[in-house]
Amino acid sequence: MMFKTHLFFALFISLLIFEYFNLNPLLFILILVFSASLPDIDHSKSFIGRKVKILSFLINFIFGHRKLIHSLFFVLIITLIIRIFSNYYLAFFIGYVSHLFLDLLTKQGLRIFYPFKFKVHGFIKTNGLIEKLFLLFLIIVDIVYIIKLF
C-alpha cells in the first residue's frame, strides 16, 4: 500500500479509538499514525525510508523488505520494549499492526509470521484503482469524523 493509504487508515483507526484510552488524545493519535509508517523503513524508496536513507539501507540489507520488520514477531518485541518506557505502547502497536493489515491485502502479500514461510496474499494492487478508491473513502471518512469531533 501507499504511504498515504497507511496514513489515512491509521488516522481513521485513531479517531475511532482514542477516547477509550486515558491518555493525551493528540499524542495518542500522533504516535498511532507515525507508527503506521514505520514498517516501510525497510525500503529505501518508501516515504520514511527516503527520510533516513542510511538507516533504511542498513535495515533492508540486514533484514530485507517485508520480512522481519513486517512481522508480528517484530512488532510484539518492540511493543514490549516500548511498554517499559511509555503508556503509549498500545498506540504504537495498533498503528504498526494497521500497516501490516493493509499490506496483507496487497497482491505482493506478507509473511506475517516471519521467519516462517507462510505468506498471505490479498487482491489489491499497490497504487491501483481499488487502493485509490479506498484512499478517497478514508479521506472523506476522516474529514467527516474530525468535523464531528468539533
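Reader: In which loop does Asn-127 lie?

Author: Asn-127 lies in the loop between α6 and α7. The helix labels follow DSSP: helices are runs of H or I of at least four residues, strands are runs of E of at least two, and both are numbered from the N terminus. This is a predicted model, in which local features need pLDDT of at least 70 and side-chain atom pairs count only at pLDDT 80 or more, while totals for chains, interfaces and linings use all residues. Residues are numbered from 1 along each chain as its sequence is written, and side-chain values use heavy atoms, with hydrogens and water left out.

Reader: How many helices and strands are there in the protein chain?

Author: The protein chain has 7 helices and 0 strands. Read from the N terminus, the order is α-α-α-α-α-α-α. The radius of gyration, taken over C-alpha atoms, is compared with a globule rule of 2.2 Å times the number of residues to the power 0.38. For this chain the radius is 15 Å, close to the 15 Å that the rule gives for 150 residues, so the chain is as compact as a globular protein of that length. Along the principal axes, the C-alpha atoms fill a box of roughly 45 × 40 × 30 Å.

Reader: What share of the 150 residues is buried?

Author: Burial is read from relative accessible area: buried means under 20%, exposed over 50%, and partly exposed in between, with a 1.4 Å probe and protein chains only. Buried residues make up 39% of the 150 residues. For the surface as a whole, accessible areas come from the Shrake-Rupley method with a 1.4 Å probe; for residues, only the protein chains shown count as cover. The chain exposes about 9000 Å², and carbon and sulfur atoms supply 74% of that area.

Reader: Which residues is Ser-56 in contact with, leaving aside its neighbours within four places in sequence?

Author: Contact means heavy atoms within 4.5 Å. With those neighbours left aside, Ser-56 touches Ile-41, Asp-42, His-43, Ser-44 and Gly-49. Ser-56 sits in helix α4 and counts as buried, at 0% relative accessibility. For the whole chain, take the contacts between residues at least 6 apart in sequence: 56% of them join residues at least 24 apart.

Reader: Is Ile-124 buried or exposed?

Author: Ile-124 is buried, with a relative accessible area of 5%. Its place is the loop between α6 and α7. Leaving aside neighbours within four places in sequence, its contacts include Met-1, Leu-105 and Glu-131. For Ile-81, in helix α5, the C-alpha separation from Gly-109 is 27 Å.

Reader: How many aromatic pairs does the count come to?

Author: A pair of aromatic rings is described by the distance of the centres and the angle of the planes. Rings of Phe, Tyr and Trp (its six-membered ring) pair if their centres lie within 6.5 Å; planes under 30 degrees apart count as stacked, over 60 as edge-to-face and the rest as tilted. The count comes to 8 aromatic pairs. In one of them, Phe-57 and Phe-61 have ring centres 6.2 Å apart and planes at 20 degrees, so the pair is stacked. Both residues lie in helix α4 (residues 53-63), 4 residues apart, about one turn of the helix. Phe-57 and Phe-61 are both exposed. Elsewhere, ring pairs link Phe-9, Phe-101 and Phe-134 into a cluster.

Reader: Which residues does a cis peptide bond join?

Author: The cis bond joins Tyr-114 and Pro-115, with omega about 20 degrees. Pro-115 is found in the loop between α6 (89-104) and α7.

Reader: What is phi of Arg-66?

Author: Phi of Arg-66 is near 60 degrees, a positive value in a residue other than glycine. Arg-66 lies in the loop between α4 and α5 (72-85) and is buried, with a relative accessible area of 8%. Asn-127 is also not a glycine and has a positive phi, about 70 degrees. Asn-127 is partly exposed, at a relative accessible area of 41%.

Reader: How far is Leu-136 from Thr-5, C-alpha to C-alpha?

Author: The two C-alpha atoms are separated by 8.9 Å, although the residues are 131 apart along the chain. Leu-136 lies in helix α7 (residues 129-149) and is partly exposed, with a relative accessible area of 47%.
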